[in-house]
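Hello,

Have a look at it first, and then read on.

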Amino acid sequence: MQAIKYLVLIFLCGNISLGAQHQSVDSTRYKTSLLGSSVFSVGLMTVGAIINQSDFEKELQVNLRNKVGNNYRTYIDDYIVFGPVAEMYLADILGVSARNHWFDQSKNLFMVNLIGGLTTHALKIGFNKTRPSGGGHSFPSGHTSFAFANAGVLYHEYKDTSPLLAYSGFGFATATGGLRMANNRHWLSDVLLGAGIGILSAHIIYHFKPFKDYNPFLKTKNITLIPNVSFKEYGFYFAYRL
């Protein structure tokens with residue numbers, strides 16, 4: 001599948017770029033690295049804007065659907081967007097060292113998705129681009145933006161303590177983008193712009209750290225309240241580590 005190969009290549013290049021920044025990171029350097037850390041995400045958005053509604057992405061989509069089958073449809077992409085979130089809270093329960101307390105993680109996760117979601121929704125309404133399968137509001141991909149926002153939070157929480165875990169979320173996110181195209185729901189430009197928005201949203205929140213001093217659960221490290229967020233319902237799971 002040519003489109004998925006493109007996404008995997010972009011993902012690997014991004015990991016190389018982010019991996020180079022991983023070496024000898026301290027808090028002072030991190031506070032001044034927003035511009036540098038945003039280069040890859042801005043690059044994704046720029047490429048997405050350039051190829052938007054181009055003959056290239058239209059031909060790519062036709063070739064992709066011909067390879068997977070014009071009747072192909074899977075719903076896995078509706079669920080793997082939550083993969084990075086599940087990894088993060090499972091790591092908390094298992095006691096894996098993270099950058100922040102679980103409440104701060106949840107707070108950052110909410111704000112990252114708020115920024116990414118509002119930006120994505122505004123662009124969808126503004127452009128009202130037609131989807132490959134018909135219908136409007138294709139540009140950018142909301143699923144992809146959400147998945148990469150979640151992956152960005154996982155990355156920032158564990159990049160200094162567990163790099164393999166930190167990068168694993170981008171696998172879920174990349175698969176989400178590829179499946180959105182395979183399902184004929186989005187064009188390549190939709191996926192690239194969505195990915196860039198999600199990653200950039202995480203960089204912004206972890207750079208400025210809004211409400212960083214607010215944490216009523218800081219002294220209750222054995223208790224974890226895990227948000228259960230889906231497209232149709234919201235709630236919490238309670239966990240206590242003995």
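F148 counts as buried, at 7% relative accessibility; buried here means under 20% relative accessible area, exposed over 50%, and partly exposed in between, with a 1.4 Å probe and protein chains only. F170 is buried too, with a relative accessible area of 3%. Before I go on, please keep in mind that this is a predicted model, in which local features need pLDDT of at least 70 and side-chain atom pairs count only at pLDDT 80 or more, while totals for chains, interfaces and linings use all residues. Residues are numbered from 1 along each chain as its sequence is written, and side-chain values use heavy atoms, with hydrogens and water left out.

Now the aromatic rings. The whole structure holds six aromatic pairs, where rings of Phe, Tyr and Trp (its six-membered ring) pair if their centres lie within 6.5 Å, and planes under 30 degrees apart count as stacked, over 60 as edge-to-face and the rest as tilted. One of them joins F148 and F170, a tilted pair at 6.2 Å centre to centre with 40° between the planes. Because F148 lies in helix α8 and F170 in helix α9, this pair ties together parts that are 22 residues apart in sequence. (Helices, H or I with at least four residues, and strands, E with at least two, are DSSP runs numbered from the N terminus.)

The rings of Y155 and Y167 have centres 5.5 Å apart and planes at 50°, so this pair is tilted as well. Y155 is in helix α8 and Y167 in helix α9, so the pair ties together parts that are 12 residues apart in sequence. Y155 counts as buried at 4% relative accessibility, and Y167 does at 19%. Ring pairs link F148, Y155, Y167 and F170 into a cluster.

Elsewhere, R73 lies over the face of Y75, 4.2 Å from the ring centre. For that I asked that NZ of Lys or CZ of Arg be within 6 Å of the ring centre and within 35 degrees of the ring normal.

On to the overall layout. The protein has 10 helices and two strands, and from the N terminus on, its elements run α-α-α-α-α-α-α-α-α-α-β-β. Buried residues make up 48% of its 242 residues. Of the contacts (heavy atoms within 4.5 Å) with a separation of 6 or more, 77% are between residues 24 or more positions apart.

Which residues touch the most other members of the largest nonpolar core? They are M88, Y158 and F170, in a core of 37 residues. A nonpolar core is a set of buried Ala, Val, Leu, Ile, Met, Phe, Trp, Tyr and Cys residues joined through side-chain atoms within 4.5 Å. Several helices each supply at least two residues of this core, including α4 (39-51), α6 (83-94) and α10 (188-208). Its largest share, nine residues, comes from α8. Leaving aside residues up to four places away in sequence, M88 touches Q105, L109, V153, L154, E157 and Y158. A second, separate core has five residues, among them M45, F139, I197 and L200.

Helix α4 deserves a look of its own. Its 13 residues should span 18 Å at 1.5 Å a residue, and its end C-alpha atoms are 18 Å apart, which agrees; the expected span is 1.5 Å times one less than the number of residues. F40, S41, L44, M45, G48 and I51 are buried in α4. They cover an arc of only 140° around the axis, which puts them on the same side of α4, the arc being that of the directions from the helix axis to the C-beta atoms. The face turned away from the buried side of α4 carries the exposed residues V39 and I50. I50 has a relative accessible area of 64%, and its C-alpha atom is separated by 8.1 Å from that of S189, 139 residues apart along the chain. Just after α4, Q53 takes a positive phi of about 60°.

As for α10, 19 of its 21 residues are buried, so to speak mostly covered. From first C-alpha to last, α10 reaches 31 Å, close to the 30 Å expected at 1.5 Å a residue. K209 follows α10 with a positive phi near 50°.

Finally, N71 lies in the loop between α5 and α6 and counts as exposed at 78% relative accessibility.

Best wishes
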